[in-house]
Amino acid sequence: MRKAGICMKRRKQFLAILLTALIMGEGGGFATAAAVDDALQQATSGEMDIQPLAETNTGSCGENVTWSLSNDGVLTISGTGAMTDYDSEYNTPWNSQKSSIQKVVVETGVTTIGTNALNNCTALESVSLPSTLTAIGNAAFYNCTNLTAVTIPEGVTSIGTDTFKNCNQLAEIIIPNSMISIGGHAFDRCS
């Protein structure tokens with residue numbers, strides 16, 4: 001029922017835009033009544049293919065760091081330098097799409113994973129981290145309940161507080177010799 005309501009709302013939005021364009025006509029003149037009638041007929045009969053509005057699947061998540069989310073659930077973080085630290089999981093740019101994130105690939109050049117960056121990504125199953133990574137922020141992977149294994153690359157020196165907390169399927173983690181600091185409760189409630 002909700003999906004039908006969304007489709008109807010989008011159809012009405014489309015019709016309003018279409019009518020405005022038709023009324024303005026080419027060159028700012030008015031469209032004929034017949035043209036408006038034809039457009040309305042096509043839109044209401046289902047002859048027009050009205051696609052849902054796409055959510056943003058790319059953006060910035062650091063001064064020189066960007067993100068993209070593919071249709072198959074792969075979140076790719078790329079660029080150079082540090083990711084943004086987020087004061088809440090709800091402030092991440094992919095928050096509205098986090099339930100579809102199944103894999104995270106952090107590419108070479110990125111140096112940190114920000115605080116709360118992947119917090120509560122419950123569909124996340126695997127993570128690929130680069131050799132350029134030096135730190136993983138507080139609660140970065142908090143409550144990623146489908147994450148089963150993580151290899152932290154050599155060069156990472158710190159893991160923040162609550163980083164992997166409540167990752168109750170996390171059964172294997174490889175911690176490098178370069179590690180200096182692991183925050184409190186980093187692995188609390190892990191397998």
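This is a predicted model: local features need pLDDT of at least 70, side-chain atom pairs count only at pLDDT 80 or more; totals for chains, interfaces and linings use all residues.
## Strands and their pairing

Two strands pair if DSSP finds at least two bridges between them. One of the links sets Ser60 against Thr66, its bridge partner in S2. A hairpin of two residues carries the chain from S1 to S2.

S4 has S6 (residues 110-113) as a parallel partner, and two bridges hold the pairing. There, Gly81 stands opposite Val110 in S6.

## The chain as a whole

The chain holds two helices and twelve strands. Along the sequence, the pattern is α-α-β-β-β-β-β-β-β-β-β-β-β-β. The chain has 191 residues, and 38% of them are buried. Its accessible surface is about 10,500 Å², and carbon and sulfur atoms account for 52% of that area.

How much of the contact in the chain is between residues 24 or more positions apart? Among contacts with a separation of 6 or more, the share is 35%.

## Confidence

The mean pLDDT of the chain is 84, and 71% of the residues score at least 70. Residues 50-54 fall below 50. Beyond near neighbours in sequence, that stretch has five contacts in the model.

## The nonpolar core

The largest nonpolar core has 35 residues. Which of its members touch the most others? They are Ile77, Trp94, Ile113 and Phe141. S2 supplies the largest share, three residues.

Leaving out residues up to four places away in sequence, Ile77 touches Cys61, Val65, Thr66, Trp67, Met83, Trp94, Val105, Val106, Glu107 and Val110.

## Aromatic pairs

The model has four aromatic pairs. One of them joins Trp67 and Trp94. Their ring centres lie 5.5 Å apart and their planes stand at 70 degrees, so this pair is edge-to-face. The cut-off for that label is an angle over 60 degrees. Trp67 sits in S2 and Trp94 in the loop between S4 and S5, so the pair ties together parts 27 residues apart in sequence. Both Trp67 and Trp94 are buried. Together with Tyr86, they form one aromatic cluster.

Phe164 and Phe187 make another pair. The centres of their rings are also 5.5 Å apart, but the planes are at 5 degrees, so the pair is stacked. Phe164 lies in the loop between S10 (158-159) and S11 (172-174), and Phe187 in the segment after S12, so the pair ties together parts 23 residues apart in sequence. Are these two residues buried or partly exposed? Phe164 is buried, at 0% relative accessible area. Phe187 is partly exposed, at 26%.

## Two residues up close

Gly59 belongs to strand S1 (residues 58-62). Its relative accessible area is 26%, so Gly59 is partly exposed. Beyond four places in sequence, Gly59 touches Thr66 and Trp67. Gly59 and Ile77 are 18 residues apart along the chain, and their C-alpha atoms are separated by 9.9 Å.

Thr115 lies in the loop between S6 and S7 (126-128). Why does Thr115 count as buried? Its relative accessibility is 18%, and buried means under 20%. Setting aside neighbours within four places in sequence, Thr115 is in contact with Thr84, Asp85, Tyr86, Gly137 and Asn138. One of these contacts, Tyr86, is also a member of the aromatic cluster with Trp67 and Trp94.

Conventions:
Residues are numbered from 1 along each chain as its sequence is written. Side-chain values use heavy atoms; hydrogens and water are left out. Helices (H or I, at least four residues) and strands (E, at least two) are DSSP runs, numbered from the N terminus. pLDDT is the predictor's confidence in each residue, from 0 to 100. Contact means heavy atoms within 4.5 Å. Buried means under 20% relative accessible area, exposed over 50%, partly exposed in between (1.4 Å probe, protein chains only). A nonpolar core is a set of buried Ala, Val, Leu, Ile, Met, Phe, Trp, Tyr and Cys residues joined through side-chain atoms within 4.5 Å. Rings of Phe, Tyr and Trp (its six-membered ring) pair if their centres lie within 6.5 Å; planes under 30 degrees apart count as stacked, over 60 as edge-to-face and the rest as tilted. Accessible areas come from the Shrake-Rupley method with a 1.4 Å probe; for residues, only the protein chains shown count as cover.
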